[in-house]
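Hi,

Here is the structure I promised to pass on. Have a look, and my notes follow below.

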Amino acid sequence: MASAAPVASAIILAAGVGRRLGAAGDLPKILLEFGGRSLLERHLDALYAHGVEDVSITVGYQRHLIEAELCRLGWRDRIELVVNPRYREGSLVSLWAQSDRLREQRSMLLMDGDVLYDERMIGRLLRAPYENALLVDRDVEPGDEPVKLCFRDGRIVDFRKRPEHAHDWYGESVGFFRFSGPMSVALANRCASYMAAGRTELEYEEAIRDLILAEPDRFGAADVSALPWIEIDFEEDVARARHEILPQLSVGVPAL
């Protein structure tokens with residue numbers, strides 16, 4: 001079990017269109033507000049609170065609104081925006097757009113922008129005693145929508161909405177990852193291979209899955225089942241975020 005290297009950089013993916021959100025989908029999902037603060041503001045507050053101040057965001061749909069929010073927050077000069085003009089394709093394209101940053105060979109966080117969460121998740125990810133780390137929630141909802149992180153004999157054996165490999169149990173991926181410098185480069189290379197093959201419809205998880213299956217001993221997962229969070233894909237997720245998850249963030253939950 002390798003020790004985690006210090007992390008000072010993060011990539012947030014926020015380029016896509018919220019097609020399944022109804023009227024709320026007119027905004028980039030990262031600009032949805034909960035408790036008077038956008039998801040973008042919450043992400044940056046959580047990262048900065050844990051010493052991660054070098055942040056790059058992949059933008060695309062309505063990117064001028066994200067830039068305006070950064071200006072409002074007084075953070076525009078501190079954040080790099082990387083434009084993905086092909087934001088209507090798979091999220092792998094948005095990760096591939098960050099290839100230059102991934103190739104810097106620094107330990108890196110990768111995060112979905114459409115998640116409302118307890119900021120202690122960032123601490124769990126940073127402190128996880130693995131070279132490369134994922135977050136897993138054992139309280140996974142049934143069905144094909146959640147991206148599943150599957151385990152057998154304590155090792156990760158699959159990472160997909162519809163797993164192919166036999167496993168003892170699975171949990172839901174939060175969509176937050178920590179990669180070592182060498183693995184960040186490998187991730188950039190894998191994205192580039194898919195792009196060269198014209199597989200732009202893929203989600204970025206497929207590239208990560210390839211790396212896990214190739215070298216499973218270099219990956220591990222931190223359990224965040226007791227911490228409140230939600231990925232926001234549908235209108236009902238917005239309602240649940242406001243009425244169920246946000247109150248838990250306000251009062252906190254017992255530390256583990």
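Is Cys-191 buried or exposed? Cys-191 is buried, because its relative accessibility is 0% (buried means under 20% relative accessible area, exposed over 50%, partly exposed in between, with a 1.4 Å probe and protein chains only). Cys-150 is buried too, also with a relative accessible area of 0%. There are 0 disulfides in the structure, a disulfide being a pair of cysteine sulfur atoms within 2.5 Å.

Before you go further: this is a predicted model, where local features need pLDDT of at least 70 and side-chain atom pairs count only at pLDDT 80 or more, while totals for chains, interfaces and linings use all residues. Residues are numbered from 1 along each chain as its sequence is written, and side-chain values use heavy atoms, leaving out hydrogens and water.

Now the helix pair. Helix H6 covers residues 181-196 and helix H7 residues 205-214; their axes come within 9 Å and cross at roughly 125°. (Helices are DSSP runs of H or I, at least four residues, numbered from the N terminus; axes are lines fitted to C-alpha atoms over the stretch in contact, with angles from 0 to 180 degrees between N-to-C directions.) That makes H6 oblique to H7, as angles under 35 degrees count as roughly parallel, over 145 as roughly antiparallel, 65 to 115 as roughly perpendicular and the rest as oblique.

On the H6 side, the contact (heavy atoms within 4.5 Å) includes Met-183, Cys-191 and Tyr-194, and on the H7 side Glu-206, Ile-208 and Leu-211 are among the residues.

H7 is mostly covered, with 8 of its 10 residues buried, including Arg-209 and Ile-212.

Cheers

Methods. Helices (H or I, at least four residues) and strands (E, at least two) are DSSP runs, numbered from the N terminus.
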